[in-house]
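Please read them with the structure open.

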Amino acid sequence: MDSIPNIVILTGAGVSAESGIDTFRDGGGLWEQHRVEDVATPEAFARDPDLVLRFYDMRRAAIQTKAPNAAHDALARLDAVWPGELLIVTQNVDDLHERAGAKRLIHMHGEHLSAWCTACDARSRWTGPLGDRPACPSCGAPGTLRPDIVWFGEMPYRMDAIYHALNRADLFVSIGTSGAVYPAAGFVREARAAGARTIELNMEPSQGSHWFDEARHGPATALVPTWVEEILAASTRSA
């Protein structure tokens with residue numbers, strides 16, 4: 001496995017779906033019965049902050065009732081033992097990767113269990129509601145906290161670090177993503193341009209499946225543990 005010591009893994013909603021966390025949109029273009037434009041843009045927050053805060057308060061409470069599944073566990077195991085560079089970049093805003101034990105992780109779209117103060121720019125771990133306008137734990141300002149979520153029209157987090165990893169990757173693996181949301185949908189091409197081998201693990205072919213060297217289709221809880229076992233076994237043989 002000397003040829004692929006550095007790995008970048010992109011995870012999307014398909015990884016958490018089997019833990020009971022709804023995927024981003026349903027077939028009607030809705031997000032849990034809300035239009036995306038009404039709950040997931042800065043304009044929506046400015047127009048109706050009560051609606052947006054209630055929506056995220058419900059989602060924040062819901063994810064705390066879910067548990068990591070076999071896909072999260074397998075990736076955490078790989079993270080713990082892989083001797084080369086490894087980075088899990090997740091589009092998911094739940095904390096199931098962390099609860100499974102993953103450490104080398106970037107939440108490019110933010111986190112439900114984090115609140116961002118628009119006054120002092122501090123981010124605080126947050127498990128309760130925001131709808132009652134609590135004060136910022138860092139600066140004490142009231143009513144300045146918002147969900148620490150990247151909304152449409154906002155820049156994803158830590159893109160410099162992500163592109164740095166992609167440009168050093170020997171293997172890029174996309175798991176449970178639609179291939180429809182940029183910039184993440186473009187990561188496979190970035191990795192290919194840097195010479196990385198590319199693999200897609202997804203329930204069905206994504207919009208960008210043709211960019212991958214290999215594609216496997218099925219549930220993440222079946223595909224991911226199998227792939228992790230394969231790569232660890234190959235690494236042991238080449239050691």
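Which residue in β11 stands opposite E200?

1. **The pair across the strands.** The residue opposite E200 is A215 in β11. β10 and β11 run parallel as a pair, and four bridges link them. Keep in mind that this is a predicted model.

2. **The sheet.** Six strands form an open sheet. Read across, the order is β5-β4-β1-β9-β10-β11, and the pairing is parallel. The edge strands are β5, residues 105-107, and β11, residues 214-217. Each of these edge strands pairs on one side only. From one strand to the next, the twist averages 15°. As background, strands in a sheet pair through backbone hydrogen bonds, either parallel or antiparallel.

3. **The largest core.** The largest nonpolar core holds 25 residues. Within this core, I9, L78, V224 and W227 touch the most other members. Several elements give two or more residues each: β1 (7-11), α5 (70-81), β4 (86-90), β9 (171-175), β10 (197-202) and α9 (220-238). The largest share is that of α9, which supplies seven residues.

4. **W227 in detail.** Which residues does W227 contact, leaving aside its neighbours within four places in sequence? They are I9, L75, L78, L171, V173, I199, L201 and R216.

5. **A second core.** There is also a separate nonpolar core of 18 residues. Its members include V8, A165, A196 and F212.

6. **Overall build.** The protein chain has nine helices and eleven strands. Its radius of gyration is 18 Å, close to the 18 Å that the globule rule gives for 239 residues, so the chain is as compact as a globular protein of that length. Along its principal axes, the C-alpha trace spans about 55 × 40 × 35 Å.

7. **Burial and surface.** Of the 239 residues in the protein chain, 49% count as buried. The chain exposes about 10900 Å². Carbon and sulfur atoms supply 52% of that area.

Conventions. Residues are numbered from 1 along each chain as its sequence is written. This is a predicted model: local features need pLDDT of at least 70, side-chain atom pairs count only at pLDDT 80 or more; totals for chains, interfaces and linings use all residues. Side-chain values use heavy atoms; hydrogens and water are left out. A nonpolar core is a set of buried Ala, Val, Leu, Ile, Met, Phe, Trp, Tyr and Cys residues joined through side-chain atoms within 4.5 Å. Buried means under 20% relative accessible area, exposed over 50%, partly exposed in between (1.4 Å probe, protein chains only). Contact means heavy atoms within 4.5 Å. Two strands pair if DSSP finds at least two bridges between them. Axes are lines fitted to C-alpha atoms, for helices over the stretch in contact, and angles run from 0 to 180 degrees between N-to-C directions. The radius of gyration is taken over C-alpha atoms; the globule rule is 2.2 Å times the number of residues to the power 0.38. Accessible areas come from the Shrake-Rupley method with a 1.4 Å probe; for residues, only the protein chains shown count as cover.
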